[in-house]
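Please keep the sequence and the 3D view open while reading.

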Amino acid sequence: MKNSIDTLKSISKNMGDIYRYIYTNGECSRHDIALSLSISLPTLNQNLSKLLHKGYVYEAGNFKSTGGRKATIFSCVADKFLSVGIDITKNHISIVLIDLNLNIIAHSRIRIAYKEDSTYFSTLQNELEKILTAYVSDTSKILGIGISLPVIISSDQKSISYAEVINASPDIYHTFCRYFNFPLLLFNDANSAGLAESWRKNGSEPIVYLSLSSSVGGANMNGHSIYTGKHGRGCEFGHMTIVPKGRKCYCNRMGCLDAYCCASILSDFTDGNLHAFFEEVKTGKNKGLVNAFNEYMDYLAIAVHNLRMCYDCNIILGGYVGAYMSEHIETFRNKAAELNPFEKDASYIKVCHYKTEASAVGAAVYYIDKFLRGLGE
């Protein structure tokens, strides 16, 4: 299948630089572009005409007049290309189709236990085909598929070096390739979610993303770069020891953060329904659940404090639990601030932008980043 990456060969360096500038800055005038890229107006106009003709950018109206002729606004065509992200968990599959601006065009979430058999992979394939049939008239617009899993991925993005949450085979990549006829790579779920949050914030500052889902993980983002460590195990925050000789973790060690702050610590009180747990906490009537949540936040505050001491940057609470933390963020910030010897303002603790599907979006972002980097190279 001819893929949209093939079109990069027809883009010159100047066109690539101009496109990236417009993409990064949103709405631009000719004057802004020429001045920032130090190129002449004739050269700019020639390349803008080509980008307009190819459908990469469009004229989005005019800026307000400052006394002379109104300047034309240039913006990128967000749905010129699309990317697919798939997030696989122990019991669910989530699929998102996103445009170049990370808008979710379509999504699907189904409950199905992870199992490496033909039924599982055919179900996944069929779900994606439903989305593509409904929303994509030309599949050459698809940049690629990123698949997020709760495992540690080797540097080749094709093999798995460690898997405990799901029983994933080391060479599962080749099985996926038999079912999808698009470029495809594998990603760690927490790293993917961190990437999505970083892109949403334009990657201007370093962040630490703490994923509080079925397992606890995280990501350290510096711009749009993920720090994965020497062996791909960087930011495995769930296995930080916060209580020596404490509760047993699924890794068979004692006292890991995961044993105190995974989502099931809370959802188990309400038969696995996390939403129901937070609804009960909101009413304040069930003192037992309120106390359980306060204890949860106490342990989480220790972890967040340690991350602040290590990285000295904003900490984003994400995952299943992070999606519910907006209403409790001030209470939690106060708990974290009490531990900090340097600052009493814990506004560095943020709540995630993506309440759902962060890992799927982040996995899809890889191909958008690759597309942007490859223009004119």
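**Strands, sheets and a pocket**

Strand E3 (residues 82–88) pairs with strand E6 in the parallel sense, over five bridges. Two strands count as paired if DSSP finds at least two bridges between them, and the strands (E, at least two residues) and helices (H or I, at least four) are DSSP runs numbered from the N terminus. The model is a predicted one, in which local features need pLDDT of at least 70 and side-chain atom pairs count only at pLDDT 80 or more, while totals for chains, interfaces and linings use all residues. Residues are numbered from 1 along each chain as its sequence is written, and side-chain values use heavy atoms, with hydrogens and water left out.

**The sheet that contains E3**

- Five strands make up this open sheet, in the order E5-E4-E3-E6-E9, with mixed pairing.
- E5 and E9 are the edge strands; each has a single partner strand, so one side of each has no neighbour in the sheet.
- From one strand to the next the twist averages 15° (axes are lines fitted to C-alpha atoms, for helices over the stretch in contact, and angles between N-to-C directions run from 0 to 180 degrees).
- E3 and E4 run antiparallel and are joined by seven bridges.
- Ile86 is opposite Ile95 in E4, and its bridge partner in E6 is Ile147.
- E6 (residues 142–149) pairs with E9 in the parallel sense through five bridges, and Ile145 stands opposite Leu184 in E9.

**Burial of E6 and E9**

- Eight of the eight residues of E6 are buried, where buried means under 20% relative accessible area, exposed over 50% and partly exposed in between (1.4 Å probe, protein chains only).
- In E9 (residues 184–188), five of the five residues are buried, so this strand is largely enclosed by the rest of the structure.
- Leu184, Leu186 and Asn188 are buried on one side of E9, and Leu185 and Phe187 are buried on the other.

**A second sheet**

- Another open sheet has five strands in the order E12-E11-E10-E13-E14, with mixed pairing.
- Strand E12 (225–227) and strand E14 (349–351) are at the edges with a single partner strand each, so one side of each is left without a neighbour in the sheet.
- Neighbouring strands here are turned by 30° against each other on average, direction ignored.
- E10 and strand E13 (residues 314–318) run parallel, joined by five bridges; Tyr209 has Ile316 in E13 as its bridge partner.

**The largest pocket**

- The largest pocket has a volume of about 940 Å³, a volume being the space filled by probe spheres set on grid points joined across faces, edges and corners.
- On a 1 Å grid over the protein atoms alone, a pocket is an open set of points with protein on both sides within 12 Å along at least five of seven lines, and lining residues have an atom within 4 Å of a point.
- Its lining has 36 residues, and His92, Arg109, Ser213, Ser214 and Tyr320 lie nearest its centre.
- Among the elements that give two or more residues to this lining are strand E4 (92–99), strand E5 (104–111) and strand E10 (207–212).
- Helix H6 gives the largest share of the lining, three residues.

Key
1 Å grid on protein atoms, 1.4 Å probe; cavity = no way out; pocket = protein on both sides within 12 Å on 5 of 7 lines; lining within 4 Å.
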